[in-house]
Amino acid sequence: MSLVARGLEAEGIATSLVSVMPGLSSPARPPRQVIRRLNIGATVGRPHDVFGQRETLTKMLGLVESGECHGVVDKEEKKEN
Amino acid sequence: MVDAPSLGEWQTKYEEWKGFAVPLFKEGKAKDAMAQYPWFTTQGEPFTKLNKPLSQARVGLITTGGYSIEGEQEAMRAYPTFGDEIPQVRRIPVDVDRSKLRIDHPGYDHKYAEEDVNSNLPLDRLAELVEEGAIGSLCENTIMLMGLQPNVTPIVEQTIPEIISAFKADEVDLALLIPS
(Lines give C-alpha, C1' and ligand atoms only; values in the text may rest on other atoms or scores of the structure.)
Protein backbone atom coordinates (compact mmCIF):
# COMPACT_ATOMS: atom_id res chain seq x y z
CA MET A 1 0.00 0.00 0.00
CA SER A 2 2.94 2.34 0.59
CA LEU A 3 3.91 1.93 -3.07
CA VAL A 4 0.34 2.65 -4.18
CA ALA A 5 0.44 5.85 -2.13
CA ARG A 6 3.74 6.86 -3.71
CA GLY A 7 2.43 6.18 -7.20
CA LEU A 8 -0.66 8.31 -6.62
CA GLU A 9 1.32 11.20 -5.14
CA ALA A 10 3.65 11.18 -8.12
CA GLU A 11 0.61 11.68 -10.34
CA GLY A 12 -0.87 14.57 -8.38
CA ILE A 13 -3.22 12.77 -6.00
CA ALA A 14 -2.60 13.39 -2.29
CA THR A 15 -2.72 10.32 -0.03
CA SER A 16 -2.90 9.28 3.58
CA LEU A 17 -2.13 5.74 4.74
CA VAL A 18 -3.16 4.26 8.07
CA SER A 19 -0.96 1.52 9.47
CA VAL A 20 -1.15 -0.77 12.47
CA MET A 21 2.06 -2.50 11.37
CA PRO A 22 4.60 0.25 10.70
CA GLY A 23 7.33 -2.35 10.39
CA LEU A 24 5.64 -3.47 7.17
CA SER A 25 4.43 -0.12 5.85
CA SER A 26 7.43 2.12 6.58
CA PRO A 27 10.26 0.49 4.58
CA ALA A 28 8.75 1.67 1.27
CA ARG A 29 8.39 5.22 2.68
CA PRO A 30 4.77 6.30 2.21
CA PRO A 31 4.33 10.07 1.79
CA ARG A 32 1.88 10.42 4.72
CA GLN A 33 1.26 7.81 7.38
CA VAL A 34 -0.95 7.60 10.45
CA ILE A 35 0.21 4.89 12.84
CA ARG A 36 -2.53 3.55 15.10
CA ARG A 37 -2.43 1.05 17.95
CA LEU A 38 -5.25 -1.10 16.61
CA ASN A 39 -5.70 -4.71 15.60
CA ILE A 40 -5.15 -6.16 12.14
CA GLY A 41 -8.64 -6.46 10.66
CA ALA A 42 -9.81 -3.43 12.63
CA THR A 43 -7.41 -0.95 11.10
CA VAL A 44 -9.93 1.89 11.30
CA GLY A 45 -11.33 1.08 14.73
CA ARG A 46 -13.09 -1.48 16.84
CA PRO A 47 -16.57 -2.63 15.76
CA HIS A 48 -19.25 -0.02 16.49
CA ASP A 49 -16.67 2.33 18.02
CA VAL A 50 -17.88 5.24 15.96
CA PHE A 51 -15.71 7.72 17.87
CA GLY A 52 -12.56 5.66 17.35
CA GLN A 53 -13.29 5.02 13.68
CA ARG A 54 -13.90 8.71 13.08
CA GLU A 55 -10.72 9.55 14.97
CA THR A 56 -8.67 7.42 12.57
CA LEU A 57 -10.24 9.04 9.52
CA THR A 58 -9.90 12.52 11.01
CA LYS A 59 -6.22 11.92 11.67
CA MET A 60 -5.73 10.69 8.09
CA LEU A 61 -7.51 13.70 6.63
CA GLY A 62 -5.73 16.03 9.02
CA LEU A 63 -2.37 14.81 7.81
CA VAL A 64 -3.37 15.62 4.23
CA GLU A 65 -4.34 19.11 5.31
CA SER A 66 -1.32 19.82 7.51
CA GLY A 67 1.48 17.77 5.97
CA GLU A 68 4.07 19.97 4.32
CA CYS A 69 6.52 17.40 3.01
CA HIS A 70 7.05 13.75 2.15
CA GLY A 71 7.38 11.31 5.01
CA VAL A 72 5.15 13.02 7.55
CA VAL A 73 3.92 10.65 10.27
CA ASP A 74 1.19 10.89 12.91
CA LYS A 75 2.12 8.27 15.47
CA GLU A 76 -0.12 7.27 18.34
CA GLU A 77 1.96 6.89 21.47
CA LYS A 78 1.44 4.15 24.01
CA LYS A 79 -0.94 5.30 26.71
CA GLU A 80 0.51 5.52 30.20
CA ASN A 81 -1.42 3.73 32.95
CA MET B 1 6.00 5.28 -12.52
CA VAL B 2 7.95 6.69 -9.63
CA ASP B 3 9.36 3.41 -8.33
CA ALA B 4 9.86 1.55 -11.60
CA PRO B 5 13.60 2.39 -11.84
CA SER B 6 14.24 0.53 -8.58
CA LEU B 7 12.64 -2.71 -9.77
CA GLY B 8 15.62 -4.26 -11.57
CA GLU B 9 17.96 -4.57 -8.62
CA TRP B 10 15.13 -5.65 -6.33
CA GLN B 11 13.89 -8.34 -8.72
CA THR B 12 17.19 -10.22 -8.44
CA LYS B 13 16.92 -10.34 -4.66
CA TYR B 14 13.26 -11.30 -4.94
CA GLU B 15 13.95 -14.25 -7.23
CA GLU B 16 16.52 -15.58 -4.74
CA TRP B 17 14.04 -15.16 -1.90
CA LYS B 18 11.23 -16.82 -3.87
CA GLY B 19 13.23 -20.00 -4.28
CA PHE B 20 13.68 -20.16 -0.54
CA ALA B 21 10.22 -18.93 0.45
CA VAL B 22 7.75 -20.81 -1.73
CA PRO B 23 8.45 -24.21 -0.12
CA LEU B 24 8.08 -22.63 3.32
CA PHE B 25 4.70 -21.15 2.38
CA LYS B 26 3.59 -24.61 1.25
CA GLU B 27 4.60 -25.96 4.65
CA GLY B 28 2.58 -23.26 6.38
CA LYS B 29 5.69 -21.42 7.53
CA ALA B 30 4.84 -18.04 6.06
CA LYS B 31 6.29 -16.20 9.04
CA ASP B 32 9.68 -17.84 8.53
CA ALA B 33 9.57 -16.98 4.84
CA MET B 34 8.60 -13.36 5.42
CA ALA B 35 11.38 -12.92 7.96
CA GLN B 36 13.80 -13.06 5.02
CA TYR B 37 11.70 -11.02 2.58
CA PRO B 38 13.77 -8.45 0.61
CA TRP B 39 11.88 -5.25 1.37
CA PHE B 40 11.66 -2.94 -1.60
CA THR B 41 13.79 0.17 -1.27
CA THR B 42 12.32 3.31 -2.80
CA GLN B 43 14.05 6.34 -4.28
CA GLY B 44 12.60 9.82 -4.48
CA GLU B 45 9.99 11.54 -2.36
CA PRO B 46 6.76 12.04 -4.30
CA PHE B 47 4.43 14.46 -2.57
CA THR B 48 1.28 16.30 -3.62
CA LYS B 49 -0.17 19.07 -1.54
CA LEU B 50 -3.95 19.23 -1.56
CA ASN B 51 -4.85 22.35 -3.53
CA LYS B 52 -8.32 22.87 -2.10
CA PRO B 53 -10.07 22.65 1.27
CA LEU B 54 -11.04 19.19 2.49
CA SER B 55 -14.64 20.34 2.40
CA GLN B 56 -14.36 20.57 -1.39
CA ALA B 57 -12.16 17.53 -1.97
CA ARG B 58 -13.27 14.32 -3.67
CA VAL B 59 -12.00 11.38 -1.63
CA GLY B 60 -11.05 7.95 -2.95
CA LEU B 61 -10.76 4.85 -0.78
CA ILE B 62 -8.37 1.94 -1.30
CA THR B 63 -8.25 -1.11 0.94
CA THR B 64 -6.58 -4.50 0.98
CA GLY B 65 -9.51 -6.03 2.85
CA GLY B 66 -10.14 -8.51 0.04
CA TYR B 67 -13.88 -7.90 -0.16
CA SER B 68 -16.13 -8.85 -3.04
CA ILE B 69 -19.88 -8.65 -3.59
CA GLU B 70 -21.70 -11.93 -2.99
CA GLY B 71 -23.64 -13.07 -6.04
CA GLU B 72 -22.18 -10.36 -8.29
CA GLN B 73 -18.42 -10.82 -8.24
CA GLU B 74 -16.19 -13.86 -8.19
CA ALA B 75 -14.21 -14.37 -5.01
CA MET B 76 -10.85 -12.68 -4.98
CA ARG B 77 -7.77 -14.85 -5.35
CA ALA B 78 -6.95 -15.73 -1.76
CA TYR B 79 -3.35 -16.90 -1.83
CA PRO B 80 0.03 -15.29 -2.48
CA THR B 81 1.06 -15.11 -6.12
CA PHE B 82 4.81 -15.23 -6.51
CA GLY B 83 5.01 -14.93 -10.29
CA ASP B 84 4.01 -12.28 -12.79
CA GLU B 85 0.27 -12.53 -12.08
CA ILE B 86 -1.27 -9.09 -11.97
CA PRO B 87 -2.92 -8.49 -8.60
CA GLN B 88 -6.68 -8.30 -8.82
CA VAL B 89 -8.35 -4.91 -8.55
CA ARG B 90 -12.03 -4.84 -7.64
CA ARG B 91 -14.37 -1.87 -7.63
CA ILE B 92 -17.06 -1.84 -4.99
CA PRO B 93 -19.63 0.95 -5.08
CA VAL B 94 -19.57 3.03 -1.91
CA ASP B 95 -23.35 2.59 -1.62
CA VAL B 96 -23.11 -1.23 -1.84
CA ASP B 97 -25.56 -3.27 0.21
CA ARG B 98 -23.32 -4.02 3.22
CA SER B 99 -25.02 -7.39 3.76
CA LYS B 100 -23.70 -8.61 0.39
CA LEU B 101 -20.05 -8.02 1.20
CA ARG B 102 -17.91 -11.13 1.49
CA ILE B 103 -14.31 -11.23 2.73
CA ASP B 104 -12.03 -13.46 0.66
CA HIS B 105 -8.78 -12.50 2.40
CA PRO B 106 -7.36 -15.44 4.43
CA GLY B 107 -4.65 -13.41 6.14
CA TYR B 108 -6.53 -11.61 8.90
CA ASP B 109 -9.21 -12.30 11.48
CA HIS B 110 -12.62 -11.36 10.04
CA LYS B 111 -14.39 -11.13 13.40
CA TYR B 112 -14.16 -7.35 13.64
CA ALA B 113 -15.35 -6.65 10.09
CA GLU B 114 -18.11 -9.25 10.32
CA GLU B 115 -19.42 -7.44 13.38
CA ASP B 116 -19.05 -3.99 11.80
CA VAL B 117 -17.71 -3.51 8.28
CA ASN B 118 -16.55 -0.02 9.22
CA SER B 119 -13.77 -1.61 11.24
CA ASN B 120 -11.70 -1.83 8.07
CA LEU B 121 -14.00 -0.54 5.32
CA PRO B 122 -15.36 2.75 6.72
CA LEU B 123 -18.06 3.45 4.15
CA ASP B 124 -20.59 4.66 6.70
CA ARG B 125 -18.10 6.87 8.54
CA LEU B 126 -17.00 8.50 5.28
CA ALA B 127 -20.61 9.03 4.20
CA GLU B 128 -21.18 10.83 7.51
CA LEU B 129 -18.18 13.08 6.87
CA VAL B 130 -19.61 13.99 3.47
CA GLU B 131 -23.01 14.64 5.03
CA GLU B 132 -21.42 16.91 7.63
CA GLY B 133 -19.43 18.81 4.99
CA ALA B 134 -16.04 17.76 6.40
CA ILE B 135 -15.10 16.34 2.99
CA GLY B 136 -16.58 17.26 -0.37
CA SER B 137 -17.61 13.93 -1.85
CA LEU B 138 -16.70 10.27 -2.12
CA CYS B 139 -15.35 8.51 -5.18
CA GLU B 140 -18.04 6.34 -6.79
CA ASN B 141 -16.14 3.07 -6.23
CA THR B 142 -13.86 1.79 -3.51
CA ILE B 143 -10.73 0.22 -4.94
CA MET B 144 -10.39 -3.22 -3.41
CA LEU B 145 -7.11 -5.11 -3.41
CA MET B 146 -5.95 -8.34 -1.84
CA GLY B 147 -2.99 -8.34 0.49
CA LEU B 148 -0.34 -11.07 0.29
CA GLN B 149 1.32 -9.75 -2.88
CA PRO B 150 5.04 -10.40 -2.49
CA ASN B 151 6.02 -9.60 -6.09
CA VAL B 152 6.25 -5.82 -6.34
CA THR B 153 6.88 -5.65 -10.09
CA PRO B 154 3.32 -6.26 -11.39
CA ILE B 155 2.01 -3.93 -8.69
CA VAL B 156 4.23 -1.07 -9.84
CA GLU B 157 3.87 -1.76 -13.55
CA GLN B 158 0.19 -2.73 -13.77
CA THR B 159 -1.86 -2.28 -10.62
CA ILE B 160 -0.80 1.22 -9.63
CA PRO B 161 -1.30 2.70 -13.12
CA GLU B 162 -4.79 1.12 -13.18
CA ILE B 163 -5.68 2.76 -9.87
CA ILE B 164 -4.27 6.12 -10.98
CA SER B 165 -6.32 5.93 -14.16
CA ALA B 166 -9.51 5.08 -12.27
CA PHE B 167 -9.05 7.89 -9.77
CA LYS B 168 -8.17 10.46 -12.39
CA ALA B 169 -11.28 9.50 -14.37
CA ASP B 170 -13.33 10.07 -11.20
CA GLU B 171 -11.50 13.36 -10.43
CA VAL B 172 -10.24 12.17 -7.05
CA ASP B 173 -8.25 14.77 -5.12
CA LEU B 174 -7.04 12.62 -2.25
CA ALA B 175 -6.93 8.93 -1.47
CA LEU B 176 -7.22 7.20 1.88
CA LEU B 177 -5.36 3.88 2.01
CA ILE B 178 -6.46 1.28 4.55
CA PRO B 179 -4.55 -2.02 4.70
CA SER B 180 -5.92 -5.11 6.42
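# Exercises on chains A and B

Leu17(A) stands opposite Leu177(B) in β7(B). This is a predicted model, where local features need pLDDT of at least 70, side-chain atom pairs count only at pLDDT 80 or more, and totals for chains, interfaces and linings use all residues. Residues are numbered from 1 along each chain as its sequence is written, while chains are lettered from A and ligands numbered from 1 in the order in which they are written.

**Exercise 1.** In which sense do β1 of chain A and β7(B) pair?

*Solution.* Start with the terms. Strands (E, at least two residues) and helices (H or I, at least four) are DSSP runs, numbered from the N terminus. Two strands pair if DSSP finds at least two bridges between them. Strand β1 (residues 14-19) of chain A and β7(B) pair in the parallel sense, over four bridges.

**Exercise 2.** Describe the contact between the chains.

*Solution.* Two residues are in contact if their C-beta atoms, placed from the backbone, lie within 7 Å. Chain B gives 46 residues and chain A gives 43 residues. On the side of chain B that touches chain A, α3 (111-115), α4, α5 (152-169) and β7 (174-178) each give two or more residues. The largest share, seven residues, comes from α5(B).

**Exercise 3.** Is Gly133(B) buried or exposed?

*Solution.* First, find the residue: Gly133(B) is in the loop between α4 (123-131) and β5 (137-138) of chain B. Next, take the cut-offs: buried means 20 or more other C-beta atoms within 10 Å of the residue's own, exposed 12 or fewer, partly exposed in between, with C-beta atoms placed from the backbone. Gly133(B) has 10 other C-beta atoms within 10 Å, so Gly133(B) is exposed.
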